[in-house]
Amino acid sequence: MIKSYKLRRGIANAFIYLFLTVMCLIWIFPLVWLIAHSFRIDPNGGTPQYMASTLFPRINELGLDNYIGLFTKTLFLRWFGNTLIVSTCSCIISTLSVLMVAYAFSRLRFKARKPFINVGMIMGMFPGFMTTIALYYILKILELDQTLLGLILCYSGGAGLGYLVAKGFFDTIPRALDEAATIDGANKNQIFWKIILPMSKPIVVYTVLTSFIGPWCDFILVRIIMGTKSELFTVSRGLWRWTDAELIDENFRYFLAGSVIIAIPITALFLYMQKYYVEGVTAGGVKG
């Protein structure tokens, strides 16, 4: 009986591992293809066709020409700098907004608290791209369209609505700490900055990562707000421009190289902070 059970369990595990292996290969194949073809060059010195005749490039077709050209012949560095500026500024503003709103809803008690929480949850159910046209015309009236400042305001303006996970984390911190600090003469502002935040590293890291990834990867808002000012493009908008029919033959190699480069910082940041990211997600899932 025990041997039969072990045999069935072994067969089931084998099928599960086989399925997971196949799914992993399917998921990772496009990434491997992207990286391999980002190094693909024409050994005769010409421009490699964006539709390769082989699945992966040959050894004699590999080189660094695409990456060198990306930094010397295109506006990629300018786009990378624009993306970094927008993402960093939005991240700082959004992180502070989310944490302060979450702290207020978690620790403070006032008459409009419940209605504000409900309104925030309802508004969070609607996808952000529904407001892009309205945002564009508002920025146009304020003469902030096609500017990095306009992008930063759009990304960070409604960040406070993402308070729910942070609020769940703050709810897990004992209120006795607040009471003890209040007895010692600390006000709410001091409690937040000197007691709550130092104990909330996981949720701070989680909020920083999510606030940074959004602007870093976004395309829809940039596409609408930035128009045709190529020097103000972010990387996502610039890479998409290279896939136009009239530009793809010459620039698809730069598109591949740029896609690899832009993935490195956010991947490294996530891998470095993934421990705190997971802690922030799990601890912030507590109902408050």
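Y67 is buried in the predicted model, at 10% relative accessibility, where buried denotes under 20% relative accessible area, exposed over 50% and partly exposed the range in between (1.4 Å probe, protein chains only). Residues are numbered from 1 along each chain as its sequence is written, and side-chain values use heavy atoms, with hydrogens and water left out. As the model is predicted, local features need pLDDT of at least 70 and side-chain atom pairs count only at pLDDT 80 or more, whereas totals for chains, interfaces and linings use all residues.

Aromatic pairs were assigned to rings of Phe, Tyr and Trp (its six-membered ring) whose centres lie within 6.5 Å; planes under 30 degrees apart count as stacked, over 60 as edge-to-face and the rest as tilted. By this rule the model contains 18 aromatic pairs. In one of these, F29 and F56 are arranged edge-to-face, with 5.8 Å from centre to centre and 75° between the planes. F29 belongs to helix α1 (residues 2-38) and F56 to the loop between α1 and α2 (65-72), so that distant parts of the chain, 27 residues apart, are linked. Helices (H or I, at least four residues) and strands (E, at least two) are DSSP runs, numbered from the N terminus. F29 is partly exposed at 35% relative accessibility, and F56 is likewise partly exposed, with a relative accessible area of 31%.

A tilted pair is formed by F39 and Y67, with 4.9 Å centre to centre and 40° between the planes. Because F39 lies in the loop between α1 and α2 and Y67 in helix α2, this pair ties together parts that are 28 residues apart in sequence. In contrast to buried Y67, F39 is partly exposed, its relative accessible area being 29%. Ring pairs also join F71, F76, F80, F212 and W216 into a cluster.

Helix α3 (residues 76-107) includes S94, a residue that is buried with a relative accessible area of 5%. Apart from its neighbours within four places in sequence, S94 is in contact with Y155, S156, A159 and S211, contact being defined as heavy atoms within 4.5 Å.

The axes of α3 and helix α9 (residues 188-196) come within 12 Å and cross at roughly 115°. Axes are lines fitted to C-alpha atoms, for helices over the stretch in contact, and angles run from 0 to 180 degrees between N-to-C directions. The two helices α3 and α9 are therefore roughly perpendicular to each other; under this scheme, angles under 35 degrees count as roughly parallel, over 145 as roughly antiparallel, 65 to 115 as roughly perpendicular and the rest as oblique. Residues L96, L99, M100, Y103 and R107 of α3 make the contact with K188, I191, F192, W193 and I196 of α9. These residues comprise 8 nonpolar, no polar and 2 charged, where Ala, Val, Leu, Ile, Met, Phe, Trp, Tyr, Cys and Pro count as nonpolar, Asp, Glu, Lys and Arg as charged, and the others, Gly among them, as polar.

Backbone geometry was also examined. Most residues other than glycine have a negative phi. E143, although not a glycine, has a positive phi of about 60°. E143 lies in the loop between α5 (132-141) and α6 (148-157) and is exposed, with a relative accessible area of 65%. Q146, found in the loop between α5 and α6, also has a positive phi of about 60° without being a glycine. At 22% relative accessibility, Q146 is partly exposed.
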